[in-house]
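Here is a brief report on the structure shown below. Read it with the sequence and the 3D view side by side.

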Amino acid sequence: MRASVGRDNGFARALAALERLRCVHGRLVLALAALLVVAGAATLLGLLTGEDAQVLVPDRPVRLAGDFSLLSRSPLASRAFILLSAAPGTPAGLLDRAADALEARLGPPLFAAPGPRPDGTGLAAGLLALAPSLVPPEDIRTWLAGLDRAAVRKRVEAVRQALASPAAPALKPLLRLDPLDTRSLVLPLLPRPGAGQAVPDPRGRLRSPDGTSLILAAATDIPFTDAAGAERLLAGFAQAATVLPAGVEATLVSGHRHSLANARTIKADLMRVLPLSLLGLAAVVFGFMRDRGAVWVLLAPPAVLCLAGAATGLIFGGLHGIVLGFGGVLMGLAVDYPVHVHYALRHSPGPAEALARVARPLACGTLTSLAAFAALLLSEVPAIRQMAVFSMLGLAAALALSCLALPQLAPCAGGDTPSPAACRPVPEARARGVVLTAWVVLLGCLTWLSLGLAVNPDLASLGVADPGVKADEARLRVALGGLRDRAMVFASGPDLERAADANAAVLTELRRAGLDREAWSLAPILPPSAVQELNREAWREAWAGAGAQAALRELQDAAGDLGFADQAFAPFFDLAAGWAAGRFEPAGLDALRALGLGQVVGLLAHESGDGVSFLTLLPDTPNLSAGPGRALEALPGVRVVSSAGFARELGAALRSDCLVFVGLSVALVCGLVLALFRRPGTTAAALAPAATGLLAAAAGARLVQGGLGLFNVVALPLVLGLAADYGIFMVCRTRGLEASAGRPVLVCGLTTLAGFGSLAVAQHPALRSLGLSILLGIGAALPTALLVTPRLLGCEEARRG
Amino acid sequence: MSRALGLAFLALAVLAAAPARSEELPGLLDRLERSMAGVQSVQAGFVQVKTLAMLREPLRAEGRLSYAAPDRLRWEYNAPGAQGFSMRGSAGRRWDSAGDVRVVDLVRDPVLGPLAGELLAWVKFDLEHIRAAYAMEVLTQDPPVLRLRPRNSRLSRVLERLDLAFAPDLRSVLRVEYSEPDGDVTVITFHDTVLDAPLWDGLF
């Protein structure tokens, strides 16, 4: 009792201080508030940071965030794939010509300039130049040892036969450069995906397993989250595709199409929902208030949005678009406090009396809402933590504006205080029984419907599932033969040399595990420079040795015998002389690109300011992470990321996140309400709307969406905070602390439903799930607050006699 | 010899054509298209003589061509060594004088694939494709000879020009001569051409 008295005195002193501040510096407070709102709006515009999905992924544990960062930066995720398909029976060369023509039109500024594209023989000739750096010493020694007189003659005869064939014009340069088929030592080193996967053809493009499609992996500087850039990119692609011959069609598949589809859907949603919401909001406010103070009530939410948004952006160094979107919903909460203050002003002789009437329930309501959102600070998802800070700052701003600015702007109408008889519930025993029975039945149904509710960790479910994009993605998946579904081994280093070292170590480990034949890696054609140096030295010794010189003499003799001109193989003799003299070309990323392997290099290597990463693709088997994956991760600079494993870990992290912060929110709100009312029965009555709202939102999520999405989860504390406020105000009204609460609670609930429940009809899944949770949660909490809470209090009073 | 056969050799040589300057070209192409329409199969022998800088003497070879609509083709040499390839849609085989036979995916083969694709387009007398890939001119009207030059740089790296001499009835090609940028020349002369006779399916 003494503590309670002390708390009441403290509260009274705080109210008196507030009143002094308002009376003495009222105009200054107003000017300051206006200035802050304008400054907040300007700051907010500069702090918006786009829609990077990274903030939607848990950053604790660190591994999950790191995996997502690697996945999103991996070339397989960040490139724009162009699928070129031809009708059955189309001539084999038509797709290649179509790809040539299309690539010629896909240049800067939208796409990176395509690298050189050799023909099949050009690639073989280019690889021959790199052979000394790539071929292991034992291979060249064994090969030269088998090059006796008979073998040389047989190869020269094969060259003569090839010259007779129709393909001779194309093959001739290669036959002159490599009559002994030295290229057979290096061609097997080319990166090849496993069976059933898309394979790079000799011109460096990916070809589908059935051969009917070509896949171009086009690099672009436009981030796939940039909707405006995506629109330019897709328009540029459509224009370029007009060059395709009849019978060939091109489809671009990338995150850009998702971004554009989402942006267009959100825009269409806002164009439809926003006017309806504003109309509904205004209709409720003006319909119930009918005075000029209603204008100021309506202006409070956007002011809160600016202030809270700017402050949150300053704290986090930027504000994510999704957080701002959630801010729109926060406006539903921000309108409640001005409504309560406005009604108190209307029914009080002066601002001081009005504030005294609503101060306690307002303070309690704010505390419970702050507690509900504070629990979100424990979330492992950065966006949820940003939303928590944003919401808490918004609540504080709404409370400050309501208590300091609104009394200046909407003066008191004079004390038409409703009589206690009009305010206090007089629930008849029979009506009470019917209402409470119906409510208990409703709670039971909602609980039953909510059973088995699970968290849906799929980030893709937050976006628009455009059927056209989905169908094209499915076609690309088939064309790539599941290449994008493979586990990825990242071998990284601060520079090319150290990354190549790590990549070579990965290949060695895969050989040990017997997985190298299934791996798609650049390691065989890009060994570390120390290894290249050893290979070159062995190659030089081999070609300077007696065995190679004898083979060259045999070649000359056989060529003469079979009618070849003296200079027929001059390019090869020059090359061999250079090898014996130690003239070599080192293998590097640029050398591989120059050969026409730019597409493959682009997919398996990533260079950035942080260093270089090489990618090795492996079959994503369930035991990968347990066995070989563990051994690989023991290597320095190596990380194994499995898409299936990532989805599992993400799901587990989101589930645990959801349980922790929803549970904590509920516990904090219950604790605060219990501390306020100190009686279990009264506390239960105050919390009845919150319980009903939460269960309704959960049941709705399970029935309509099959599970809790990220936005449902975030909406739960909002429903909890709003519904707890309704309960607190209704209890205070019944206990005579705030006599006019019934009408304001009704107005608050209706504004929320009219303003933000309409999001439930939006096409965008994130907006729709948010709207659905609010519509169902508040739709159930509001009648519970108005009808059930007073009757529960009646029971409590009856029980206490 | 059919129109299909003659045109096929344009492709086999890694083909080409040149800008249509002659006013007679549209009329000749129109007559060729009509006279060669509806051919279901072709069989013919040929003699090929290549004059190459790599060899001291011209390289002579003899062989046979078989085609069955819509997508089967066999191109084989009998002398001096037995080698060649056959195709059925995108599936192919090739063999050499050592008896080595390989199954080939023509869609993926960087040399044989485009070659076979071009050949098939010519066998079907896909005039739209031919016009897109080659520039053409009429060298002489009697006998009818067409000269083709490739428009595309990939083809022009291996083929400078190609001359086709047709039989007076325009139903077959008598002679193909193609020149490469390095001066090498190939002449193929066809004989014993049979049109629309039944062909053994095992050929392909």
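## Chain A at a glance

Of the 801 residues of chain A, 54% count as buried. The model is predicted. Chain A holds 30 helices and 9 strands.

## The four-stranded sheet of chain A

Four strands of chain A build an open sheet. Their order is S7-S8-S6-S9, and the pairing is antiparallel. Strand S7 (605-608) and strand S9 (638-641) are the edge strands, each pairing on one side only. From one strand to the next, the twist averages 20°.

Inside this sheet, S6 (residues 487-493) pairs with S8 (residues 611-618) over 7 bridges. The two strands of chain A are antiparallel. A:Ala491 stands opposite A:Phe614 in S8(A). Helix H20 (residues 496-513) of chain A lies across S6, S8 and S9 of chain A. Its direction is about 20° from that of S8(A).

## Two helix pairs in chain A

Two packed helices are described by the angle between their axes and the distance between the axes. Start with helix H8 (residues 149-164) and helix H22 (residues 546-561) of chain A. Their axes come within 9 Å and cross at roughly 45°. H8(A) is therefore oblique to H22(A). The crossing of H8(A) and H22(A) is right-handed. On the H8(A) side, the contact uses A:Arg149, A:Val152, A:Arg153 and A:Val156. They meet A:Ala551, A:Glu554, A:Leu555, A:Ala558, A:Ala559 and A:Asp561 in H22(A). By class, this contact has 6 nonpolar, no polar and 4 charged residues.

Now helix H21 (residues 529-544) and helix H23 (residues 570-580) of chain A. Their axes come within 7 Å and cross at roughly 120°. That angle makes H21(A) oblique to H23(A). H21(A) passes H23(A) in a left-handed crossing. From H21(A), the residues in contact are A:Trp539, A:Arg540, A:Trp543 and A:Ala544. Facing them in H23(A) are A:Phe572, A:Ala576, A:Trp579 and A:Ala580. The contact of H21(A) with H23(A) divides into 7 nonpolar, no polar and 1 charged.

## The eleven-stranded sheet of chain B

In chain B, 11 strands form an open sheet. The order is S6-S5-S4-S3-S2-S1-S11-S10-S9-S8-S7, with antiparallel pairing. Strand S6 (101-105) and strand S7 (134-140) of chain B are the edges. Each of these edge strands pairs on one side only. The twist averages 20° from one strand to the next.

One pair in this sheet is S9 (residues 161-166) with S10 (residues 173-179) of chain B. These strands run antiparallel, and 6 bridges join them. B:Phe166 stands opposite B:Val173 in S10(B).

Is strand S2 (residues 59-68) of chain B largely buried or exposed? Of its 10 residues, 7 are buried, so S2(B) is largely enclosed by the rest of the structure.

Strands of a sheet pair through backbone hydrogen bonds, either parallel or antiparallel. S2(B) runs antiparallel to strand S1 (residues 41-51) of chain B, and 10 bridges join the two. In this pairing, B:Ala44 has B:Leu65 of S2(B) as its bridge partner. S2(B) also pairs with strand S3 (residues 72-79) of chain B, again antiparallel, over 7 bridges. B:Ala68 stands opposite B:Arg72 in S3(B). S2(B) and S3(B) form a hairpin, with 3 residues between them.

B:Ser66 sits in strand S2 of chain B. Is this residue buried or exposed? The relative accessible area of B:Ser66 is 3%, which is under the 20% cut-off, so the residue counts as buried.

What does B:Ser66 touch, leaving aside residues up to four places away in sequence? The list is B:Val42, B:Arg72, B:Leu73, B:Arg74, B:Leu199, B:Leu203 and B:Phe204. B:Ser66 and B:Ala44 are 22 residues apart along the chain, and their C-alpha atoms are separated by 6.8 Å.

Notes:
Residues numbered from 1 in each chain as written. Chains lettered and ligands numbered in written order. Predicted model: local features only at pLDDT ≥ 70, side-chain atom pairs only at ≥ 80, totals over all residues. Heavy atoms only, no water. Axes fitted to C-alpha atoms, helices over the stretch in contact; angles between N-to-C directions. Parallel < 35°, antiparallel > 145°, perpendicular 65-115°, else oblique. Left-handed = near helix turned anticlockwise from the far one by under 90°. Contact = heavy atoms within 4.5 Å. Nonpolar A, V, L, I, M, F, W, Y, C, P; charged D, E, K, R; others polar. Buried < 20%, exposed > 50% of the residue type's maximum accessible area, 1.4 Å probe, protein only. Pairing = 2+ DSSP bridges.
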